[in-house]
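Morning, everyone. I'll keep this short and walk you through one protein, starting from the inside and working out. Have a look at it while I talk.

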Amino acid sequence: MEKLDFEAMALGDLWSLHEQISIVLSRRISAEKRQLENRLAQLNRGKIAQVSVLIERKSARRHYPKVFPKYQNPEVPSETWSGRGKQPRWLVLALKAGGTIEDFKIPAAPRGKMRGLS
């Protein structure tokens, strides 16, 4: 194959060559894309089965009991904390101000009595 001298070629010839190259590139890119999509589809067939098994496992999560609050903000009684996770801001500020965590503990309900029944 002989080398082409692009600098010496006429503008019309260069444009024609450009169009031919574009057509060939477009066909080859499309063919390679189809090959890759087919390969990806084959790989995904196995993954879909694995993912469906994982989804079934996740949906069958264990039930955890409700955690009741153990600490309460005396200034805003609706603000409570169960003692799990990050401490709420109101508690952090109160502890920095010199309070102890025991100052905010909610008194335990007497055992044997149910709420609302006396």
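Let's begin with the core. The largest nonpolar core here has 5 residues, namely Tyr-71, Trp-81, Trp-90, Leu-91 and Phe-104. Keep in mind that this is a predicted model.

Take Phe-104 from that set. If you skip residues up to four places away in sequence, Phe-104 touches Tyr-71, Trp-90 and Leu-91, and also Lys-70, Gln-72, Pro-74 and Ala-94.

Now, how much of the protein is buried? Buried residues come to 7% of the 118 in the protein.

Next, Ser-82. You'll find Ser-82 in the loop that links strand S2 (80–81) to helix H2 (89–96). Ser-82 counts as buried because its relative accessibility is 18%, and the cut-off for buried is under 20%. Its side chain reaches the backbone nitrogen of Arg-84 at 3.3 Å. Beyond its neighbours within four places in sequence, Ser-82 is in contact with Val-67, Phe-68, Pro-69 and Lys-70.

Last stop, the surface. Which residues make the nonpolar patch of about 290 Å²? Those are Ile-21, Leu-25 and Ile-29. Ile-29 sits in helix H1, residues 11–59, and at 56% relative accessibility Ile-29 counts as exposed. In soluble globular proteins, nonpolar side chains tend to be buried together.

That's my tour, thanks.

Terms used:
Residues are numbered from 1 along each chain as its sequence is written. This is a predicted model: local features need pLDDT of at least 70, side-chain atom pairs count only at pLDDT 80 or more; totals for chains, interfaces and linings use all residues. Side-chain values use heavy atoms; hydrogens and water are left out. Patches are made of residues with over 30% relative accessible area and no salt bridge: like charges are joined within 9 Å, nonpolar side chains (Val, Leu, Ile, Met, Phe, Trp, Tyr) within 5 Å. Accessible areas come from the Shrake-Rupley method with a 1.4 Å probe; for residues, only the protein chains shown count as cover. A salt bridge is a side-chain nitrogen of Lys or Arg within 4 Å of a carboxyl oxygen of Asp or Glu. Helices (H or I, at least four residues) and strands (E, at least two) are DSSP runs, numbered from the N terminus. Buried means under 20% relative accessible area, exposed over 50%, partly exposed in between (1.4 Å probe, protein chains only). A nonpolar core is a set of buried Ala, Val, Leu, Ile, Met, Phe, Trp, Tyr and Cys residues joined through side-chain atoms within 4.5 Å. Contact means heavy atoms within 4.5 Å. A polar contact is a pair of N or O atoms within 3.5 Å; within protein, one must be able to donate a hydrogen and the other to accept it, and residues adjacent in sequence count only if both atoms are side-chain atoms.
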